[in-house]
Amino acid sequence: MTPPPPPPAEIVYSGEYSVNPLGEVSFGKLCAQLPSVLRRIAAMSWAMDRRAVVLLLACQLVTGAAAAVLLTATAAAMRPILGGGAVADRLEQALPALLVVGTATALTRGASSVGMYASRRLTPRLTTATDTALVEAVCRVEAAAYAVDGFADRQEAAEMGVARTHVMVTDAQRFMSALVRMVTATAVLSLLNVLMLPLLLLAVLPAGVGAVLTARVDYEIHYANVADRNVRGMMRWWSTTPKYGDEVRANGMTDYLLFWYRSLSERVDRRTLAGAPRTLRIALLSSLVGGVFLVATWAALAWLAGTGRVPLAVAATAVVAVQTTLAALSQVIVNGAAVFHTSLYLSDMQAFLDDAEKRAPQRRGLSVSAPVDEIRLEEVSYQYPGKEKPAVEALSLTMRRGEILAIVGVNGSGKSTLTRLITGIYLADKGRVLWNGSDLASVDRTTVWRCTGLVPQIFAQWPLRVRENVTLGQPRTFDDGPVWEAVDAVGMRDAVEDLSNGLDTLLAREVFGGAELSGGQWQRLACSRALYRRPSLLILDEPTSQMDPRGEHQIFEEIKAIAADRITIVVTHRLENTRIADHIVVMDGGRITEQGCYGDLVHAGGTFAELLALSKDR
Ligand SMILES: Nc1ncnc2c1ncn2[C@@H]1O[C@H](COP(=O)(O)OP(=O)(O)OP(=O)(O)O)[C@@H](O)[C@H]1O
């Protein structure tokens with residue numbers, strides 16, 4: 001029997017993202033945040049739909065006023081009903097007050113329905129706004145943030161804030177309307193008898209404390225599960241996407257992946273279940289304490305009525321007032337706890353957005369524009385967060401317009417990192433990258449990227465139409481002429497014309513009617529995307545690794561043909577392809593160890609010559 005596979009690794013955090021906000025801030029402080037959370041919800045809602053907010057507020061006012069009228073009218077109706085005389089007379093006397101009771105009830109119901117409508121108008125747009133803000137924040141951070149441990153997990157935690165936005169308005173609205181009802185009911189009740197109030201408060205307070213404590217437990221569990229949920233979500237996509245279906249099936253990975261997925265889910269469940277006894281204890285204790293005070297409240301009312309301290313009619317109204325206040329108080333507590341609960345996730349979302357804002361580019365001031373005549377690197381170093389050695393170290397290099405530069409070197413020698421530094425995707429830790437003499441550290445990055453075209457080693461296969469797969473990033477024309485030009489340049493015309501809808505064919509097999517390309521065809525399309533941009537700096541990182549010799553030949557011919565107008569950089573392990581380069585640099589351990597033209601390096605007896613010999617010795 002095969003031994004069971006090892007379970008997924010448990011992720012233990014350390015560093016700046018390892019602190020649970022609940023562990024850091026006191027309970028009182030978090031409760032004190034409630035008004036600011038409500039204010040934030042109100043401000044977001046106001047910016048979104050003023051009419052809906054006004055409608056919501058009007059409904060709260062109507063609810064409050066109706067609750068006060070309801071209780072006072074009930075008291076007015078009780079007096080004749082519980083007084084002396086014939087039943088018909090007593091009812092007749094009570095009729096006006098009863099009509100008011102009916103009207104107030106109808107108003108309350110009406111206001112609640114309209115309030116619901118207003119919150120339904122707000123919620124979807126608020127959710128979309130926060131969701132979009134999150135996606136935008138992630139898209140806009142400096143690329144280096146992705147390499148920071150825990151950044152993706154914080155993003156996962158922030159997603160929960162977006163999800164909670166869905167209930168945020170409803171929670172806040174219910175809380176506010178319960179608050180209004182409670183205040184009015186309390187006022188009426190204290191008019192009837194002051195003694196009842198503290199007793200009532202004591203009766204519902206334990207439920208409130210219980211609800212908040214439960215919210216804390218839920219949040220703690222949620223917090224502990226963030227990393228596993230993040231990994232599980234990732235693995236879910238990797239295991240089920242048809243893109244990797246061949247690898248998963250033919251390598252017999254399915255069982256292990258399912259085991260893995262189940263193990264992660266069980267781990268999440270175990271943490272959640274471990275919280276259940278705690279929440280049960282909280283619920284039982286708060287019910288017990290609350291129950292004791294509730295009994296005391298009713299006993300006090302009975303005692304007041306029994307001893308004649310309050311007239312029977314007033315006592316009857318007090319019963320209604322107590323019920324109303326109790327219900328409103330419970331609602332305040334329950335919805336207050338819900339707002340508190342939501343605020344924890346919203347805080348995570350806000351913290352992430354603030355962090356992303358800090359990680360957004362600070363490079364402003366200068367701009368660069370085509371043509372780019374020279375790119376110069378001066379003693380440039382870059383070290384990934386958490387790594388012990390720099391990926392690129394003290395590297396100097398100059399590239400001029402019209403030149404083709406080839407970068408070669410063993411795996412992990414820093415070639416891709418160097419291309420990221422040249423394009424300004426990463427900023428150098430030390431040294432300078434100068435475009436036409438301007439330091440990228442102070443150049444608006446969008447102006448840089450307007451001049452670049454990059455085919456990365458791992459390129460995207462966009463689930464878009466063929467046309468967008470070529471023009472994405474620079475949809476500069478409605479004319480298909482330049483698109484076909486870029487398609488022709490990579491020899492894809494026949495393949496595109498064979499598709500059911502030509503340039504309009506959707507390249508996503510997962511979507512109804514979508515088509516799929518071969519690996520090499522996808523790579524040709526990625527090349528055409530970069531060529532379509534006609535960039536001042538063209539970088540191709542292993543651009544032909546999946547192509548047949550004809551495709552590879554065509555791409556390199558095209559690179560040569562258009563080289564005069566731009567700086568071209570080719571990263572490749574197929575050293576024969578470096579013949580087209582004017583200059584070749586060989587990298588090792590983040591440094592340039594050899595450089596020169598093809599002819600020189602072949603006879604230099606260094607790494608280049610060794611790697612070339614090895615590639616021929618097969
Ligand atoms: N996003 C990243 N986060 C942390 N370390 C990274 C990251 N990308 C690369 N590295 C590390 O930086 C070093 C250089 O990597 P780089 O991708 O630049 O090498 P390369 O020469 O392009 O390799 P290959 O030939 O395999 O493509 C490696 O040690 C790698 O582990």
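Which residues point one way from strand 3, and which the other way? What you're looking at is a predicted model, where local features need pLDDT of at least 70, side-chain atom pairs count only at pLDDT 80 or more, and totals for chains, interfaces and linings use all residues. Residues are numbered from 1 along each chain as its sequence is written.

View 1. The protein chain is split into domain 1 (28-358) and domain 2 (374-616), with bounds that come from an automatic or database domain assignment. Their C-alpha centres sit 53 Å apart. Where the two touch, domain 1 supplies six residues and domain 2 supplies seven; here, contact means C-beta atoms, placed from the backbone, within 7 Å. On the domain 1 side there are five nonpolar residues, no polar ones and one charged. For these classes, Ala, Val, Leu, Ile, Met, Phe, Trp, Tyr, Cys and Pro count as nonpolar, Asp, Glu, Lys and Arg as charged, and the others, Gly among them, as polar.

**View 2. Around the ligand.** The ligand has 13 residues around it, and the closest are Y384, A391, N411, S416 and T417. Sorted by class, the shell holds eight polar, three nonpolar and two charged residues. Helix 11 (residues 415-423) gives the most to this shell, namely three residues.

**View 3. Strand 3, tucked inside.** Strand 3 (residues 404-409) has six of its six residues buried, so it is largely enclosed by the rest of the structure. Buried means that 20 or more other C-beta atoms, placed from the backbone, lie within 10 Å of the residue's own. Back to the opening question: I404, A406 and V408 point one way, while L405, I407 and G409 point the other. In a regular strand the side chains alternate between the two faces of the sheet.

**View 4. The partners of strand 3.** Strand 8 (residues 567-571) runs parallel to strand 3, joined to it by four bridges; L405 pairs with I569 there. Strand 9 (residues 583-588) is also parallel to strand 3, with five bridges, and G409 has M587 as its bridge partner. Strands count as paired if DSSP finds at least two bridges between them.

**View 5. Helix 11 up close.** Helix 11 is mostly covered, with nine of its nine residues buried, among them K415, R420 and T423. After the helix comes G424, with a positive phi near 80°. Helices (H or I, at least four residues) and strands (E, at least two) are DSSP runs, numbered from the N terminus.

Note on methods: A residue is near a molecule or strand if its C-beta atom, placed from the backbone, lies within 6 Å of it. A residue is buried if 20 or more other C-beta atoms lie within 10 Å of its own, exposed if 12 or fewer, and partly exposed in between; C-beta atoms are placed from the backbone.
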